[in-house]
Each structure stands twice: as structure tokens, then as C-alpha cells.
Amino acid sequence: MSGLQDMARQSARGLGFLALVALVGGALALAEPRFLSAASLNGIARHMAANGLAALGLTFVVIVRKFDLSISGVAAFTAMSMGAVIAAGAPLWLAVAAGIAIGAVIGLISGTAISRFGLPDIVTTIAVGSICAGLAFLYTGGRSIFQNFFQVGITDLNDARLLGLGVSLWILLAVYAVAWFVMHRTRTGMAFYATGENQVAAHFSGIATRRYIALAYVMCAICTVLAVLLILAESGNAETNKGANLMMPAYAGVFLGAAILGGTSVLATLGGILLITMLLDGFSLMGVPYYYSDGVISLILLAGVLAFSDTARGYLAGLVAVRALRRARSGGKA
Amino acid sequence: MAAPVLMASDVSKRFGPVLALRGVDFHVEPGEVHALLGINGAGKSTFIKILSGIIQKDGGRITVAGAEVTFRTPEDAIRAGIATVQQHPELVPDMSGLDNIFLGRESASRGLFSRIDQRGLERRAEALLARFPVALDLWQEVGRMSAVEREAVAILQAIAGEHTRVLILDEPTSTLTEVEREDLFALMGLLKAQGIAIIYITHQLEEVFAIADSFSVFRGGTCVARMTVAEAKAGDVSLANLMLGEAIGDIFPPRAETPPGAAVLEVEDFCLEGDFRGISLTARKGEILGIFGLVGSGCDEFAKAVFGVTPPDRGTLRLHGQPVSLRSPRQALDAGVFLVPGDRRTEGLVLSRPALFNVPLANLGRAAAGRWGLKRRRMQGDARELTGQVALHPPSLTTPASGFSGGNQQKIVLAKGLYSQADVYIFVEPTVGVDIGARAKIYALMRQLSREAAVIVISSDCDEVHGVADRTLALHKGRQIEPAVGTFSRDALLMAGIMGEVTQ
């Protein structure tokens, strides 16, 4: 395959993605005209910001070929922690710094356990996530925290606008721009990808692979904190179930984006999360109960990844070929 | 002469631009041990893979007991009576030999809940042992067995199921000791007595005369000779000449013309428990140092110890006269040591990525602009120049490494080494699975590198070590063997590596 063919294939995938966005958007607008209203589009932008930050964090972990199932737990604990700091009367920046610090420590614990001590990633992150979910009840025994939320200005993150776009969307775009540069234009990004695609060869190339795996978990936890911060800003209070709906859309965004755009990358995740958020918001406008949303998203995820996988495509092509062959043979006999 | 049980005529196979097999004619007769000889890249493995159904031939005919066969999967080959024991057989270490042998065919029915018929299994095992009375405790866990016992289990596993007509053994003795080898030969004698034809692949030529009845020699993708051992003995035929052919001397570059320069790498008394001990050597600029050792000799482990992957228990390392301690590949690379690892697919390359990604990987500092960015244009230019220098074919920077032939994958690793601008290059098994043209190119590059850096070539291919190196030594069971005076002749090097003896 030459470079030109490669570029052609990439742009074909890009066009395919845009067509898919138009198709999904069109279908949702036909089914529910309110989907294209300003309120709905603003909602999509806000939800995409929160979902997109969580998905970006997961992207780092998926690039080093690991999983992180602690996202919901980390989100719950850091939500309550930030809430507690705000309620104590501290300024917003301190609350955010505390949340990021706690998230980084949790990520470092998971990452070190997995990379240095060789614990299985899935078990470790389920355990860490469950511990965090329990710790979320530490501050108030589970009661919602809302004191000082309006005075401290956190809701501005949700409401304020800059150049016609919500602040949360700007945060998303800024974080994605930095992540894109690091992952796709620096040696750090090369080291992340090399670690994921062949850890032994990366180690033999002098790359500190274990450090990059640990770093991926730290980044994932920090991005989760940023995501839950936007959720707190939208609702104006902190509750222990705040992160419950972050994990599934994040996984769906990363894997659907990778399937459509041909590999895990920052831009693929952005595309995936756009599609997922459109679908989630569209369904909720159409009155699909929230308790179906994870199921629907998971269904779309499986269908999407299957449809875009080479193996599945090869299998389908094989079926078609076999049928054509059979027809030709039976025709020959007749 | 009995009718051949397996016959191949005009078999060919192409991998992309490389014609791996061209018009191979081959046959074996029932109850004969037939050695299959040839240097690396001669087409032996490709041919064996076709016979065992792992890959499909492009052209030609294969018949088993007179009937033409087409193998699409390994199961097809097994059903036709061709059993293969791979070079490193995959067994389940926690299960007994018996359970391994009957794994997947524990009972006649295949339902989810069909019970394992333990009594039946034991009866079958006893029947098997009655046919092949080997001294082997089949009830022992495979993980606790010796290498030859595992090989025997693998052979019994291969022949237990169907009616086996032909058994293929791929280098079964490479990890065996001298005594174990005799046990294996005894088992082969039993199989032969049952009328099973054995195709036996080996690099150890003395074995051919010890065990085989006849042999075929592969060279350059075709079978160049087939004769019985008796004929070879009578005609005083040199197997090595048959394998290497006439033109083969040309693939090695001329030796160093000037005497070697300053010592670059000095290893003193390197020991790693269980792998090697007391290794001391000096690599100089301007010469290629060759180390010959079979699998299990500690060669690979020694290379990895120098490169900091598994640091030695004891010993000192000096670079340019300064003592250094290399505890990781990063430190080794920073100190100017580059390893071309023995397993390029898992240790050398990110296969899913193109040359553009792989070439700069071991020296990202050179590709970096400041603390963050990458000099992408420079990186691309360097990668293009270096892949040109190693004659990468096809010369694509964007094709994933997995899309290249073995030889060209190795060239990408070489370009990666060139990019890292090391002072010491250590090559481990540099030409396994590399075709003859690429081999010559790789040897020439080693010679070229040796003008600027110290080059160490470590290989289990004696002819390669002897052919390319200016100075040689052997490793045998973790021990270093050097000539008493002067340099090793090819045969002396071979004996040193295989027997651990200096014969001079």
C-alpha cells in the first residue's frame, strides 16, 4: 500500500464519517423536529463536552491496549470531593485543583498496580472504581452537596458563552487540541502508541513503557475529573451518582470512532463521541427512558464496530462470494 | 524400492515478489527416515508448511499413497495421515503427558457434557505405549518433563489420533543433549518399524549419517538433490557443499583489510545464573566479532544482558575503557549500544506501523525538536535515506512493517539501528527467515558498520558466524569456548559450539 492509497483510504473514511453524521442527524431531525432547535443543539454541545472529556481520557488507556473500568467510581468520588471543597467555602480553582490531584493519585495507584506490579487491568480498575464509589459517601453519607455552588461560580462553566459557543465546548476543544498535538505530533505520542502496539519492542527501543501505561491511567482519571466538573456545573450540585452515565458513552465513543475512522486516535474519539452524544440526546428528546440509554448505546457500539471491522467485512464478502459461486454452479448444471 | 507414501511434484509457492519454492520434486517411502537439509531461507520451512496444511501451494501436485490431495487446513493434512511436530511443540505444562496426548479427543462423542472416559484413555495410552515402548511416565506433568520427554509426548500426540503415514519432525534435536538425542533416535526407530515415514529436518549434518536412510537437499527454493545415505557415503558426497552450492561464498563480504582499532566494548566475567557464566570478550572497531551457539547455549541471554534487558548477576562492562552499568535498554541505547534482537517480530518492530514510525523509535531524542515537538520533515528525510541505504524493498515508508518479507523487516530494524548511531551493534540471529539476496545485503551492511563501530554477530548458524566474522568464539551451555591459538576453522567452530570441545 503506498502513501497515496493510504491517504485516499483515510479521506474515504473521513467522508464516510461525515455522511454518517448527516444521516444520523437527518434521521433524528425527521423523527423529532425539536432535535435541530437551538436549545437541543446547545444541549448536545454541553453533553458532548462532558462525554468527550471522559472519552479522551479513556483514549489514552485504550492506546496502550488496556482498559479502565473505574471511570464511574472515580467520577463519583471526585465529584463529591470537589463538592465538599466548594461547600467549605473555598474558591472554585481550589476545588478543581483538589479534584485533579485526587484523580491523579487514583490514576497513579491503578496505573502503578497494573504496569509495575503486573496486576490484571480489568480486575484492578473494577476494584479501584468500587473503592472510589464507596469513598464518595464519605463526606455526607450520600446526601447531595449544593452549598456555595451558585456563589462560587461553577455554573458559569455551563452557562457562560464565548464567541457564541458555550464555555464547556471551548474547554473540550482546547483539551482536545492539546491532546491531539501530544499524541500525534510529539515523541510522547509515538511512545504511547509504540507501547500499546508492541510493548516488548518499545522497551527494547528504550521507551519507559511502564511509565507510559501508568501515565495513561493518570490522564484518564484527570480527564474524568474534568468531565464530572462540567456535570456538576450543569446540575449545580454534587451527588454520588454523578458519574454513573459517563462510562458507557466513553467506551462507545472511543471504539465506534476507532472503527469508523480506522484506529484509536484523538480525532477518532472526537468523532465517535459526537455521534454518540447526538444519539443519546436525540433519544432523550424522543422520550426514550434514560434507563434504556446505556443499552441502546451499547447496541449501537456493537453494531458499529462489527460493521466497520475488517474481519466482519471479509466474512460478509465471503458469504456473497460463496452464494455467487453456488448460483454460477447451479446455473452451469442447468 | 517401495512405492512412495508421499510424493510432491513441481510444487511452487510465491510470497509477494519472492518465489519461495520453484518446482520442488520430493518423495518419501514408507518406513524410511528422510532427512531434509538446507540452509536458512532454502525453502525447507515453506515446503513443510505446505505439507502440513499451514499454507497452501500455488502450483504443483501432492499425492499421499497415490491419491492427489489438497490441504486447506492443518486438519486436512492430519486426516490424510501427515502429522507434524513443530520445532517448539505447544503443550499444556500443567497437564500430564497422557492428557496432552489426548487433548481434544478425550472421548468419542463431542457433546458439551460428554464425560471423559478415564479408563478408556488409559487403555488407549497403554495401547499406544505397547506400540511404541518408550521409557516415559505419561502420568507426569509435562512441565516437569525433560526436553526429550516433551518431544516424545509431542510425537505421540501427533501420531495418536489418525492413521499416521508420514511424520514430520522440525529440528527436534536443537534443544536436546547428546544423551537425549539417542533416546529420540530410539523412538524414531520404533516409528520406522511401524512403517511410518519420517521427514526429519536438521541443521546438524552428522545426524544425517547416524539416523537417516536418505535425504533431500533444498537450495534456493528447490530440491537440488535426493539420494540415500549409502549412496552419499559411497560417493563421498559433501552435504555442506550440496547445501551451500557454488555461488554461496559470495554472499559474505570480504574480511577486514586493516587490523582492528581501539577496543569499544569490553565484557569481563559476565555471569547470569542458569544462563551463562564467566564470559569475557572484547569488541573492537574495525572488526566483526562472531559468536556461535545453539539454542540454549546462552547466546540470546548474553546479548540481552549486555543490552540491559536482563542485567547480569556479576561481571563488568566497559565502553571506551570506562566502566558502565547498563540496567535497561534505555541506558544501553544512551551509552551507544544497539541490539538487533533475535525475534524481530516481537522485539524489534512495531509490526502494525510503517518504517517511518519504526526507524526513529530507538532514538526519539534525535527526532525531537526542543522538548515537545518532532522534526517531522527531518525525520521523514532521515527515514527515507536510511531505508534507501539498507535497500528496503519495496521502498515504502508508509506500508506497515507486517507487510514486508522477513528480510526486509530485518532491514527496517537495521535502519532503526543506523538511526540510533550506536558505537556497538549486537546482531542476534540476524538472518533467520531472510532470503539469500537480503542476507548478502545485511552482511554487507554489517561490514560497513564495522568501519565506524564495533559489531558483534551472534547466531546459531555456524556458517553465518564463520562467514561474516573476522574473529569467532563459541558458547556451549553458557560457557565460552575460544581457540587455543589463532582463529577457529569452520569445523572447529562447529565442534566447539555443538560439543563444547576445542579440536585443534
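Here, buried means under 20% relative accessible area, exposed means over 50%, and partly exposed is anything in between. Keep that in mind for the views below, which all come from a predicted model.

**View 1. Strand 7 of chain B is largely enclosed by the rest of the structure.**
This strand covers residues 166-170, and five of its five residues are buried, so it ends up largely enclosed. Which residues point which way? Val166(B), Ile168(B) and Asp170(B) go to one side, while Leu167(B) and Leu169(B) go to the other, and all are buried. In a regular strand, side chains alternate between the two faces of the sheet.

**View 2. Strand 7 of chain B has strand 6 of chain B as a parallel partner.**
Strand 6 takes in residues 82-85 of chain B, and four bridges link it to strand 7 of chain B. Pick out Thr84(B) and look for its bridge partner in strand 7: that's Ile168(B). Ile168(B) is also one of the buried residues from View 1.

**View 3. Strand 8 of chain B pairs with strand 7 of chain B too.**
Here the two strands run parallel again, joined by five bridges, with strand 8 spanning residues 197-201 of chain B. Which residue of strand 8 stands opposite Leu169(B)? Look for Tyr200(B).

**View 4. Glu141(B) sits in a loop between two helices.**
On either side of this loop of chain B are helix 4 (118-131) and helix 5 (147-160). Is Glu141(B) buried or partly exposed? Its relative accessible area is 33%, so Glu141(B) counts as partly exposed. Setting aside neighbours within four places in sequence, Glu141(B) is in contact with Pro93(B), Asp94(B), Met95(B) and Ser96(B). Take Ser96(B): 45 residues separate it from Glu141(B) in sequence, yet their C-alpha atoms are 4.0 Å apart in space.

**View 5. Stepping over to chain A, we find 15 helices and two strands.**
The C-alpha atoms of chain A fill a box of roughly 85 × 55 × 35 Å along the principal axes. Looking at contacts in chain A between residues at least 6 apart in sequence, 76% join residues at least 24 apart.

As for charges, chain A has 20 positive and 12 negative ones, and their mean positions lie 14 Å apart.

Methods: Residues are numbered from 1 along each chain as its sequence is written. Chains are lettered from A and ligands numbered from 1 in the order in which they are written. This is a predicted model: local features need pLDDT of at least 70, side-chain atom pairs count only at pLDDT 80 or more; totals for chains, interfaces and linings use all residues. Side-chain values use heavy atoms; hydrogens and water are left out. Contact means heavy atoms within 4.5 Å. Lys and Arg count as positive and Asp and Glu as negative; His and the chain ends are not counted. The place of a charge is taken as NZ of Lys, CZ of Arg, CG of Asp or CD of Glu. Buried means under 20% relative accessible area, exposed over 50%, partly exposed in between (1.4 Å probe, protein chains only). Two strands pair if DSSP finds at least two bridges between them.
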